[in-house]
Amino acid sequence: MSLTAAHVKARQREESGANDGFRCLIVGPSNVIPKWATSEIPKALGSTCILEPSLLSKVDKFQHSKNRKEYKLWAEYKKSKQIVTILNSTEDALSYIQFVKSGWRIPKGKIHFILVSTDRMKLHSFGFVLGAKWNPYHFHWVNPDTGAALQSPREKQEDRKAGVLAGWKDVIEKPSNPPTLAEIQEARKNGLLDPHGLPIGYVKKWKPEVRSFQADYTSEKSNCSLARPAIKKLGESKYGNRWMIAQLFQRMLPKHFHLGIFDEIHQMKAQGSGRGLAFHKILKSCRKSLFLTGTLTNGASSSIHAVLWRVFPKELINMGFSHKTTAETWAQRYGVIEKVKKLDTDMKQVGVTTNRQKENVIVKEKPGISPELVANHLLDKSIFMDVSELQIPMITLEEKPIVVSLDDDHFDEYQKFHSSMYIACQTLQNDLGTAAWSKFNPSVLNYADQPTLGMTVSFENKMGETLYSVKAPAFPPEYETAKERKLVELVLQRLAQNRRVIIYTNYTQEYRTNQRIQMVLKRNGVDPVILDGKISADQRFDWLEDQTKKGTKVIITNQRLVEVGLDLLAFPTIIFWQMNDDINTVRQAAKRSHRLGQHLHCEVLYLVNDKTQQMAQFQRLMSRRVSALLVEGAIERSDALAKYADTSSSSLTNDLSKMLESSEIANAWEEAAQKDLDSNLELVSEEEFQQKITEAFAKLTQETKNLCGYIEPVVEDNITDDLEALFDSVSDELIDDIFANFDTFTEDDYAAIEAIEVMETKKKEKIESKAKVEQISKSKNKRSSKKEDLYDGLSLFDFAM
């Protein structure tokens, strides 16, 4: 749909009389960018030429090149209506910017697609240093322009007013002491003094706070930042120069692109993330923008807040919001807020003239989205599309939670650990704030999965002092949990049915979950392969293809590594060993095998430990899924499932007695999974899939041709005329004699005529007629071949033209 929009806008621009072509920016995950360039654009729009940024200024000169490759590239460039350029580095971006600044424009009638990955556009310098000078006489840093002494951004306002200046340790982490005056004078004498007034290479590590240094802290938002990128030749960095592509485009190519297409926009939703901030910058280089996602929200109202603010700030300002609006403030209007008030346990009176008691208030957002958010901010700017609108059937899909009870000994130790962790977090909440709960979920979730690791959790204050510690005993390494035994059973069953399996994990670093599952499966006769972060995003597609060719039956991976851009058609069974707290990740990862082109029945199985924090997490994710489906219109407010959007399970649910029954949660999840599939989508079994898909594509092809006004060409068939000419070559006397005596002829007569009159008298005519028949047959095949070649390689838009 996005490429259709680009094509239409390009034709409109061409018809308006513009002298140049159409420029379109595409931003997406790094593993999706090659797919856009080599598959999506050529298939949708037709002939496409991929050019490196450095070749844009040279390609026209290749017309007269004696190099065959260069001339072939020029010919492809001239023939293609779509030009694709992928930016992989700062140098690529600067090359394109300089070429544009020199006056180059894409020729009229062409669309130039500039592709850059989400993670590449956000990357800034390899390091930052303070753009200030060290005063070796007074031992403080000074402004390089004015010479005024600087103050640290970490100082409190009263300390700044008191005149506290930024010293060496406010800026430098290593070494701990500044150079002596003699060392500085020696470096100056030898010409080895850097812009900071220090010997080149003296500073080994700068503190992160240098990016917050300013000449003036009085204004609310100052542009007087004194940080600058580290320079390799000054010994400030081991790497070369690099800059944020998003910022380069924002500053040097504002409003340059006629259209921006942002794929998987939900990955840029975080307010303070690098992706989100880069998205905000690069958006300024686009006149119009399209945003694509399969999961618009994660069930919480704040998940769409940052995107709306960056794209439609004026609309939100008019409604009373600003850049200071917090997630809680947004949720108070459009979502669900949970406030927990806790009185001081000592009942201390803190009022000066009253008996007011101290109370702690914790405000948290819960899953839930108000219809007002949809009405005010989404309906007028969103298009919700489903696969069913393509009128193409898909293979059946089944989602099923499998609830597993812990073994008795394991369950007893888990309960003790869970209770101890909860008491510790609750007790330390006053001292550590919400940070006290940061270790709660990872520790209890993984002790339910891997009791063989044991568990030791220490709570420390900002000074590094241990305040409290909780321990859980380790089970023997050979012990297999009930959940592990169930996993082995499921995998062996699928392999016996010749079905490949992919297993999703979440905690894969500190807890080494992938390695544990691999060991357990190997112990039971299964040889799985691990896909980890060492395989870069743009190499994962090829890696999966290689594993499929090698015959790999089971893959273990973190679900985040495959949540977008990859089609796992060879692995129709997906098993969630662990869940991610982001419902967007879960929904995206669960559909990796259920894609167009899949012909095997798909199943998604969720393994959940009963009466543990895993069940609380599962209930919370179900609530967020239902809330997201409400926003997308898949569930009505009157639907029975809607009640689960308002479950009271907060992000740190620990009171397992207040949870819903596991059977109710499992049933509700299966119902939500059915709602997640478009009700109009035709799901067919493996047996009837091939026939249904053939009929659907034939119908879709014909409808597309009708919409494009395409009429099948009529090829004249002259076989009748050729046969008449053949009969003319035979004498009339012979034909008359044959038909005159037809009724009285015997079989002997027929034989005599064939032997004497045809074979002997007209032997020459028969040879010539045979040659003519062969010529007619070849002529017909040639015309048929030309008819097929005539439309080879054309896109649907070429038919429309």
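## Close-ups of a predicted model

**View 1. Arg 23 and Asp 20 meet in a salt bridge.** In this predicted model, the side chains of these two residues come together with 3.1 Å from N to O. Are the two partners buried or exposed? Arg 23 is buried, at a relative accessible area of 6%, and Asp 20 is buried too, at 15%. Theirs is one of the 28 salt bridges that the structure holds.

**View 2. Arg 499 pairs up with Glu 603.** Here the closest N and O atoms of the salt bridge are 3.9 Å apart. Arg 499 sits in the loop between helix H16 (482-496) and strand S19 (501-505), while Glu 603 belongs to strand S23 (residues 602-609). The pair therefore ties together parts that lie 104 residues apart in sequence. Arg 499 counts as buried, with 10% relative accessibility, and Glu 603 counts as buried with 7%.

**View 3. Glu 563 forms a salt bridge with Arg 560.** Look for the closest N and O atoms of this pair, which are 3.5 Å apart.

**View 4. Four acidic residues make a negative surface patch.** The patch is formed by Asp 538, Asp 542, Glu 545 and Asp 546. Asp 546 is found in helix H18 (residues 540-550), and it counts as partly exposed at 38% relative accessibility.

**View 5. Met 1, Ile 383 and Met 385 make a nonpolar surface patch.** The patch has an area of about 350 Å². Where does Ile 383 sit? Its place is the loop between H13 and S15, and at 65% relative accessibility it counts as exposed.

**View 6. Ile 392 and Leu 683 are 9.4 Å apart in space, C-alpha to C-alpha.** In sequence, 291 residues separate Ile 392 from Leu 683. Ile 392 lies in the loop between helix H13 (371-377) and strand S15 (394-395). Is Ile 392 buried or exposed? It counts as buried, at 7% relative accessibility.

**View 7. A cis peptide bond joins Lys 174 and Pro 175.** Omega for this bond is about -5°. Pro 175 is part of the loop between strand S8 (172-174) and helix H7 (181-189).

**View 8. Phe 139 and Arg 512 have positive phi angles.** Neither residue is a glycine. For Phe 139, phi is about 60°, and the residue lies in the loop between strand S6 (133-135) and strand S7 (140-142). For Arg 512, phi is about 50°. Arg 512 has its place in the loop between S19 and helix H17 (513-523), where it counts as partly exposed at 48% relative accessibility.

Conventions
Residues are numbered from 1 along each chain as its sequence is written. This is a predicted model: local features need pLDDT of at least 70, side-chain atom pairs count only at pLDDT 80 or more; totals for chains, interfaces and linings use all residues. Side-chain values use heavy atoms; hydrogens and water are left out. Buried means under 20% relative accessible area, exposed over 50%, partly exposed in between (1.4 Å probe, protein chains only). Helices (H or I, at least four residues) and strands (E, at least two) are DSSP runs, numbered from the N terminus. Patches are made of residues with over 30% relative accessible area and no salt bridge: like charges are joined within 9 Å, nonpolar side chains (Val, Leu, Ile, Met, Phe, Trp, Tyr) within 5 Å. Accessible areas come from the Shrake-Rupley method with a 1.4 Å probe; for residues, only the protein chains shown count as cover. The place of a charge is taken as NZ of Lys, CZ of Arg, CG of Asp or CD of Glu.
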